[in-house]
Amino acid sequence: MSRAVRAGVAVAALAVLGALIVWAVSDLRGVGHPPGVNSARVAPILAHERQAANAVNGVTFDMRGSDTLGEEMILFAAALGVSVLLRAARDPREVQVAAEDDVNRRGAISGALRASAATLVGPMIVFGLYVVTHGQLTPGGGFQGGVILAAALLLTYAGGQVLAVQRTDPVALVEVSEAVGALAFALVALGGVVFAGVLMANFLPFGEIGALLSSGTIALLSVVTGVEVTAALALILTEFLDQTLLRDA
Amino acid sequence: MGVAPYIVAGWLLVVGLYGAITSRHLVCMVLCLAVAQASTYVLLLAVGYKTGAAAPIYSTTVMPGAPVVDPVVQALALTDVVVEATVSAVLLALIVRAGQRFRTTDPDELGELHG
């Protein structure tokens, strides 16, 4: 099938799909007036029974906690899959040589980029830690804060601080913290079985809504997820960056 | 607001699928997949939206008891974003490998090769 024929078939099929979607939604109740009362109940229940101010994280780490356990494992498996796929095709010594060449070329990076990266890394790490640890109180949580922390690492690369990154041996550190994050989530889930008899039960004291130490395991799982997400994203980014180094070499 | 957000979700799905079908580069295909998946975010948030209600996060300005939008669909959208990111990462890694092995990233040329 040539490109033109395929594009024609696609337009015809998608026009039918689009018409069906429009037909399907035209009878729906307008946005802004959800039916039923359950949608209005979840947030007050989480505030009352779990002392969680952020109902979204309350749902993610408590009501749907077992789903999030599976989601953590998806993230873990994806980071593992990316490393296996990309590492299978290359020699670690080649990466080492390419990285050293890259360090020698770092003088070519503009001063403005280096200065702004060096200025932004500190505040970004503080902001990421704030978002991770206040998931039960303010918008954010482990997933969002983890991405910010991983972005801080990427910024270090962009600013040409390869030496600083290498000194901490990121891959070993990142691999360990990824495993620790995933394992800790599973352990907290199992803690529910040990202390309350149910998987993912919220077995820690709930505290008072609005306090930093409130909502029991919701806050703990948010931090654990932050570790896991930071490590998984940093691992994925590192693998792709290594690939880029090889291509440039 | 009527049903406009649902139409937007349908439009994103259709446009993303069209892009995936006609793309000439595997990375472009992954981006089109991300556009198609973005329709689910719009759909989920539209389902839970309530006119005049605040975000489902209680603070000193939004006390418990005040009307808030449905947090369940927002948590589902969060899961959706995470899954989309991981799927993209694995697909991009597969593209790197396909590019190394077949020396092309055009999906049409991939179909004619084997081995």
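User: Why is A:Glu175 called partly exposed?

Analyst: This is a predicted model, and the relative accessible area of A:Glu175 is 32%. Buried needs under 20%, and exposed needs over 50%. The value for A:Glu175 falls in between, so the label is partly exposed.

User: What makes A:Glu175 and A:Arg87 a salt bridge?

Analyst: Their closest N and O atoms are 2.8 Å apart. The cut-off is within 4 Å, so the pair counts. A:Arg87 is partly exposed too, with a relative accessible area of 33%.

User: Which parts of the chain does this pair tie together?

Analyst: A:Glu175 lies in helix H9 of chain A and A:Arg87 in helix H4 of chain A, so the pair ties together parts 88 residues apart in sequence.

User: How do you know whether A:Asp62 is buried or exposed?

Analyst: The relative accessible area of A:Asp62 is 11%. Buried means under 20%, so A:Asp62 is buried. A:Asp62 forms a salt bridge with A:Arg50, with the closest N and O atoms 2.6 Å apart. A:Arg50 sits in the loop between H2 and H3 of chain A, and A:Asp62 in helix H3 of chain A. A:Arg50 has 23% relative accessibility, so A:Arg50 counts as partly exposed.

User: Why does A:Glu71 have no salt bridge?

Analyst: The nearest side chain of opposite charge, A:Arg64, is 5.6 Å away.

User: What does the side chain of A:Glu71 make a polar contact with?

Analyst: The partner is the side chain of B:Thr79, at 3.3 Å.

User: Why does the salt bridge between A:Arg3 and B:Asp108 join two chains?

Analyst: The closest N and O atoms of A:Arg3 and B:Asp108 are 3.0 Å apart. A:Arg3 lies in helix H1 of chain A and B:Asp108 in helix H4 of chain B, so the pair joins two chains. A:Arg3 also forms a salt bridge with B:Asp106, at 2.9 Å.

User: How many salt bridges cross the interface of chain A and chain B?

Analyst: The rule finds three. H1 of chain A supplies eleven residues of the side that touches chain B, the largest share.

User: How do the residues of that side of chain A divide into nonpolar, polar and charged?

Analyst: There are 33 nonpolar, ten polar and five charged residues. Chain A and chain B bury about 4100 Å² between them, 73% of it on carbon and sulfur atoms.

Notes
Residues numbered from 1 in each chain as written. Chains lettered and ligands numbered in written order. Predicted model: local features only at pLDDT ≥ 70, side-chain atom pairs only at ≥ 80, totals over all residues. Heavy atoms only, no water. Buried < 20%, exposed > 50% of the residue type's maximum accessible area, 1.4 Å probe, protein only. Lys, Arg positive; Asp, Glu negative; His and termini not counted. Polar contact = N/O pair within 3.5 Å; in protein donor to acceptor, adjacent residues only side chain to side chain. Buried area = accessible area lost by both parts, 1.4 Å probe. Helix = DSSP H or I, 4+ residues; strand = E, 2+ residues; numbered from the N terminus. Nonpolar A, V, L, I, M, F, W, Y, C, P; charged D, E, K, R; others polar.
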